[in-house]
Amino acid sequence: MSSPEWLDLGPVERFKTSPITPASIGTTKLAITYVSGEFGALSGVCNHAGGPVGEGRVEGEYVVCPWHQWRYHCRTGKGEPGFEADALPTYDIRIDGDRLFVSAEPVSKRMRGPHPPHPLARKIERVPGNIRLVGISTTNMDVMNPRYSTSDALLDVAMRHAVGLGVETKLIRLAALNFRPCAGYYSKSAHACTWPCSITQMDSTDRMDVVYEAVVHWADVILVATPIRWGNASSLYYRMVERMNCIQNQITIANRILMRNKVSIFIITGGQDNIQAVAGQMLGFFGEIGCNFPQFPYIAHSRGWTAEDMERNIEVVKHSRELRDGARALVNRAVDMAQLLLDHEEAPHTMERGGRKAHHLVMEDIGVDAGEISGLPMVNDVLMRTPSV
Ligand code: FES
């Protein structure tokens, strides 16, 4: 049997093999649940950022969205306790013979509860004032028992010089900041990577918000200092930039440039070599997120492959006038450039990639039609909700 009101999903047995199975009717995505011997049918599009609910998992009576773990009751579609106001549309289910049928129209509506936006989601506006420089120390150390760090020492010289120029400064030591590594949401779908970062929105103990606040909302100049570790920048540097993928991703999926009129410069030091490769990665990454570079955008120091005598290395940096002068000149160039960029204010706000606009990407890549997604938050404007884990 089939009628305009009921649509054939297929053999009943197919939907009994897993507690949750994705399905579709036309372009509408569904999540068919089979929990405790009962079927349920929910919209397969998450309220949060359009995640594929049907590809999630079931915990108890709740389906868990695979992107950021919002939970919905497997039959009523209502959010987990405390978030019942968030509900997915539900559909009627009936079995006829060995076939499973679903109602052509939902029998309950999508509802969204109130969610305050994360503070980082506010409009990005350059508040008037002096040039601002954030120094980011990426070297790792036991903060209770600190050691002399050549990259930190030159960072200190640079920042003191900036203060003398009348620049506002802020220092972030990643070694003292508790923040999680990127969870790789982007690798599930570009749309699962959100601004503000999904981890930042879900975990108030994660302090990557300090970096986001400084580099996106506050600084004109971003000065990153790193040691060379086995021919690369420090592991903390990589942990930070992986989390900054959400800044670059806004350009890809939402045609939105978060960082405008900003200048990046770098200090790179190491007992052994590979300066140019480290600088190349840093220039590449900060260029990708929209930063500009002054002429000669980094200073660096290394004594080469055979320099294993760290004590001597420290002495060289401690007493090098050339490196100190270089750090000061680096700041001068960056501050001049930042002022120039602010005075002209010509940086674009958007950049189309591949000729397609962001909302087209959302529709096509998630596989959702316009009617289904209307009313959902745009991916660049997702809302806070801390699931009970
Ligand atoms: S939890 Fe479903 S899209 Fe974020």
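**Overview of the predicted protein model.** Within the protein, 71% of the contacts with a separation of 6 or more are accounted for by residues 24 or more positions apart, a contact being two residues whose C-beta atoms, placed from the backbone, lie within 7 Å. This is a predicted model, in which local features need pLDDT of at least 70 and side-chain atom pairs count only at pLDDT 80 or more, whereas totals for chains, interfaces and linings use all residues. Residues are numbered from 1 along each chain as its sequence is written. The protein has eleven helices and 14 strands, which are DSSP runs numbered from the N terminus (helices H or I, at least four residues; strands E, at least two). Of its 389 residues, 44% count as buried, that is, with 20 or more other C-beta atoms within 10 Å of their own C-beta atom, placed from the backbone.

**Packing of helix α1 against helix α9.** Helix α1 (residues 150-164) packs on helix α9 (residues 321-344) at an angle of about 50 degrees, with the axes 9 Å apart; axes are lines fitted to C-alpha atoms, for helices over the stretch in contact, and angles run from 0 to 180 degrees between N-to-C directions. That angle makes α1 oblique to α9, a class left over once angles under 35 degrees (roughly parallel), over 145 (roughly antiparallel) and 65 to 115 (roughly perpendicular) are set aside. Leu154, Val157, Ala158, His161 and Ala162 of α1 make the contact with residues of α9 including Leu323, Ala327 and Val331.

**Helix α6 and the residue after it.** Seven of the ten residues of helix α6 (residues 245-254) are buried, so that the helix is mostly covered. The buried residues in α6 are Cys246, Ile247, Asn249, Gln250, Ile251, Ile253 and Ala254. Asn255, which follows α6, has a positive phi, near 55 degrees.

Ile95 stands opposite Leu100 in β9. The hairpin has two residues between its strands, and Gly97 takes a positive phi near 65 degrees.

**Open sheet of strands β5, β6 and β7.** Three strands in the order β5-β6-β7 form an open sheet with antiparallel pairing. Its edge strands, β5 (57-59) and β7 (71-73), each pair on one side only. From one strand to the next, the twist averages 35 degrees. Strand β6 (residues 62-64) pairs with β7 in the antiparallel sense over three bridges, and the bridge partner of Tyr62 in β7 is His73.

Definitions and conventions:
Buried ≥ 20, exposed ≤ 12 C-beta atoms within 10 Å, placed from the backbone. Pairing = 2+ DSSP bridges.
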